[in-house]
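Please view the sequence and the model alongside the text.

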Amino acid sequence: MITARYAREIPQRYRLEASKCAQCATVSFPPRLVCPTCKGRTFSTITLQNEGKLLSYTVVRVGSDKFSKETPFAVGIIELKDGIRITTQIADANLEKLAHGQTVRLVFRKIQEDGKAGILCYGYKAIVV
Amino acid sequence: MVGIVGYGAYVPRYRIKAEVIAKQWGADPEAVTRGLSLVEKTVPGQDEDTITISVAAAQYALRRAGIDPKEIGAVYVGSESHPYAVKPSATILIDALGIGPHVHVASYEFACKAGSEAMYVAYSHVKAGEMKYAMGIGADTSQGAPGDALEYTASAGGAAFIMGRERLVAEILFTHSYTSDTPDFWRREGENYPRHGGRFTGDPAYFRHIVGAGKALLEKSKMAPADFKFAVFHMPNGKFPQEVGKRLGFTKDQMEAGWIVPWMGNTYSGSSPCGLAAILDVAKPGDLIFMVSFGSGAGSDGFIYRVTDEIVKVQDRAPKLRQMLDSDKVYLDYGQYAKYRRKIKLNE
Amino acid sequence: MRDAYVIGAGMTKFGELWSNSIRDMFVEAALKAIDDAGVDHIDSMYVGAMSSGLFVQQEHLGALMADYLGVVPMPATHVESACASGGVSFRQAFLEVASGASDIVLAGGVEKMTDGADVTDALATAADQEYEVYHGITFPGLYAIMARAHMQEFGTTREQLAAVAVKNHRNGSKNPNAQFRSEVTLEQVIRSTMVADPLRLLDCSPVSDGAAAVIVASEAVAKKLGKQRIRVAASAQASDTLALHSRKSLTTLNAVVAAAQKAYKMAGKKPSDIQIAEVHDCFTIAEVIVSEDLGFFEKGKGGEAAANGLTSLETGKIRVNTSGGLKSKGHPVGATGIAQIIELYEQLNGKAGARQVENARIGLAENMGGTGASCVIHILEAL
């Protein structure tokens with residue numbers, strides 16, 4: 001049962017809320033308590049832009065149990081326009097046509113399910129534009 | 001005047017052809033395609049459901065409306081395939097779109113007219129002066145029982161409409177609802193698939209209620225079918241809406257823009273709402289639109305819209321329905337379709 | 001800090017050890033190490049294990065192993081740093097002896113992976129649960145992303161990665177404790193089942209059971225036992241961001257670079273001084289990247305070096321993974337870091353049999369956790 005753990009990440013997974021350091025403007029996603037650059041402790045909340053580029057990717061053919069019915073699927077590291085990098089699936093992907101540097105946009109999709117009776121877990125995936 | 005401030009629709013990329021389903025069950029592909037006037041239908045991806053479709057449609061509606069999401073006072077999603085039996089689909093949507101938490105949310109169900117219902121209630125709240133904006137969405141990832149006639153047509157998609165009073169792209173001039181206890185199609189609690197009364201779903205159900213609401217609307221508005229540029233009705237297949245349009249006095253030309261069913265299938269609660277979205281994508285200022293939905297059980301919600309000058313400013317702000325319907329399509333074979341739609345018994 | 005020596009070692013075979021429980025394996029390895037060292041007591045012990053809770057529902061391994069080894073009330077600590085648990089266990093033992101707090105410390109590692117738990121899920125706990133694993137990525141997937149980036153940036157090829165697996169299997173065939181003692185060909189590697197593009201089954205280390213232990217002792221104890229031979233010349237550890245996407249680069253492991261710098265400095269050595277290196281080849285690409293980040297080859301040339309035999313037992317300018325590496329020897333996660341130390345210990349003592357490197361005097365062990373978020377490096381020198 002991952003309800004509370006899931007609910008805590010909603011602002012990040014649904015709305016891409018990040019923290020921006022008041023001292024050095026470093027953006028952290030997910031938000032942090034300590035700035036990794038200047039060790040500052042004051043932040044403001046910002047929303048990341050949902051477009052970016054595909055830095056690298058793989059096609060997972062052997063997934064963990066939870067994702068085993070969805071293989072093969074592509075997962076990549078995307079650099080968003082704000083400079084933040086995230087790991088996410090590439091949805092509706094043409095697996096033969098993926099390439100480094102492709103422009104992607106984030107969309108809202110179902111990421112996983114907590115079994116047959118548990119909660120549904122949503123979040124961002126990337127689609128190649 | 002109250003009406004639509006922004007609209008958006010979403011169509012998934014996956015398709016399956018009616019002939020592929022026909023071949024699977026040993027039916028004549030030619031006869032099926034001809035009989036239903038339907039070529040293919042949309043299929044939701046494994047990571048898509050009524051909630052993700054609603055979010056996508058709502059995002060496009062917000063883009064067109066150009067409003068602050070926080071000003072929306074209510075969000076209603078009407079569907080026959082809400083992912084949760086208990087937990088409204090819009091609870092996820094409002095957090096995904098930054099509309100919450102000061103907002104009213106509910107899920108609607110009424111077979112295929114749950115979408116138009118959500119639209120009607122959203123419109124009513126704004127009309128009553130309760131709130132500045134309200135959003136009504138019709139979206140579905142409806143299931144057809146394997147081998148059943150409905151398997152050819154049950155598809156996925158949705159449309160969202162933000163109702164308000166300012167900068168309307170389409171005014172809502174009249175509405176009328178017509179309901180009765182007509183058990184033409186239903187699903188009991190706990191059952192996987194709905195059941196239907198075969199031909200009983202025709203005249204006593206679909207036709208009676210659409211004509212009932214349609215005639216009342218025409219009387220109320222003192223308008224005639226010829227006054228309208230566009231007409232759209234619930235589309236369970238290609239044939240029914242053309243027939244009911246004829247019975248009400250509308251022509252094929254008037255129905256053309258909204259007649260998306262041959263390539264989209266029946267998106268249940270998304271059916272006439274998506275048809276309306278397709279119409280708004282091409283409508284011009286001053287156009288009158290006649291819309292009547294139908295939900296089994298049974299009832300119809302009718303609307304008369306008048307398109308305003310604002311429409312030309314917003315049409316291009318988000319993807320158009322026909323564009324989504326016609327491009328980047330990925331065709332599935334029956335096995336892939338059965339896997340995506342979870343018709344295969346897994347070892348769980 | 002005073003000097004510390006490795007004076008004894010012992011390990012189980014690595015493989016699918018159906019008849020051995022986690023406590024059986026650890027005790028077997030620990031007893032072998034104690035007997036090899038010839039000590040009659042230990043002052044303290046460390047048990048490295050990544051995920052005994054998920055694999056066999058057992059935590060509190062320090063106390064459990066002290067109990068079953070018969071050394072209660074000696075202090076015993078469970079150490080965890082994902083796949084670097086063994087290396088960190090060794091480091092803790094070294095620090096305890098070097099600081100003067102203890103004279104004889106046992107550093108062990110163990111993992112029981114074949115009892116039916118979802119291995120992919122358990123191993124994924126070494127990655128960022130909320131921002132990597134949540135999205136369906138697996139460990140092979142994360143390393144595959146690095147592999148693809150390395151291929152894109154430096155032109156590393158599919159064949160070069162396969163060469164690492166071929167070499168390690170050839171070495172492993174000479175290791176009586178290895179899980180896989182058969183050789184593989186380049187073709188076999190390249191044709192094996194795709195796991196996460198471009199990594200295939202034979203690019204990936206296996207799921208294994210096993211345990212390994214060494215005894216670290218002070219100079220006085222080593223001298224007394226006539227075992228003052230294998231000195232710990234360096235011990236260094238570093239960390240990096242947990243998520244791969246938060247790293248500065250997808251093709252350089254900064255934790256390895258940072259730990260290596262500290263280790264070379266502490267030992268007063270350069271990369272070219274190292275004769276043998278046991279590195280963390282959880283996937284073939286890992287060995288390629290690590291061989292660069294340890295300074296053995298220029299950045300981007302690790303694949304080419306492996307393909308040209310520059311890391312092989314027979315012709316290498318630096319012999320990498322003479323034990324067979326994780327790939328062929330096996331990778332019972334918590335035990336791996338200790339097993340690496342044991343290979344160096346055997347080599348430096350001239351006891352490596354068919355894998356023996358002539359005049360082996362200086363060896364390096366690099367053990368890392370997750371996708372390189374933690375790294376621990378040791379340099380051993382034979383006196």
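## Core, sheet and interface

In the largest nonpolar core, which has 280 residues, A57(B) and V214(C) touch the most other members. Such a core is a set of buried Ala, Val, Leu, Ile, Met, Phe, Trp, Tyr and Cys residues joined through C-beta atoms within 7 Å; buried means that 20 or more other C-beta atoms lie within 10 Å of a residue's own, with C-beta atoms placed from the backbone. Helix 3 (residues 50-65) of chain B supplies the largest share of this core, ten residues.

The model is predicted: local features need pLDDT of at least 70 and side-chain atom pairs count only at pLDDT 80 or more, while totals for chains, interfaces and linings use all residues. Residues are numbered from 1 along each chain as its sequence is written, and chains are lettered from A and ligands numbered from 1 in the order in which they are written.

Leaving aside residues up to four places away in sequence, A57(B) touches several residues, among them G8(B), Y10(B), I137(B) and G158(B). Contact here means C-beta atoms, placed from the backbone, within 7 Å.

Chain B also holds an open sheet of three strands in the order 3-2-14, with mixed pairing. Strands (E, at least two residues) and helices (H or I, at least four) are DSSP runs, numbered from the N terminus; two strands pair if DSSP finds at least two bridges between them. Strand 2 (residues 14-17) and strand 3 of chain B run antiparallel, joined by four bridges, and I16(B) stands opposite K41(B).

| Edge strand of chain B | Residues |
|---|---|
| Strand 3 | 40-43 |
| Strand 14 | 330-331 |

Between chains, 14 residues of chain A are in contact with 16 residues of chain B. Strand 7 of chain A gives the most to its side, four residues.

Methods
Two residues are in contact if their C-beta atoms, placed from the backbone, lie within 7 Å. A residue is buried if 20 or more other C-beta atoms lie within 10 Å of its own, exposed if 12 or fewer, and partly exposed in between; C-beta atoms are placed from the backbone.
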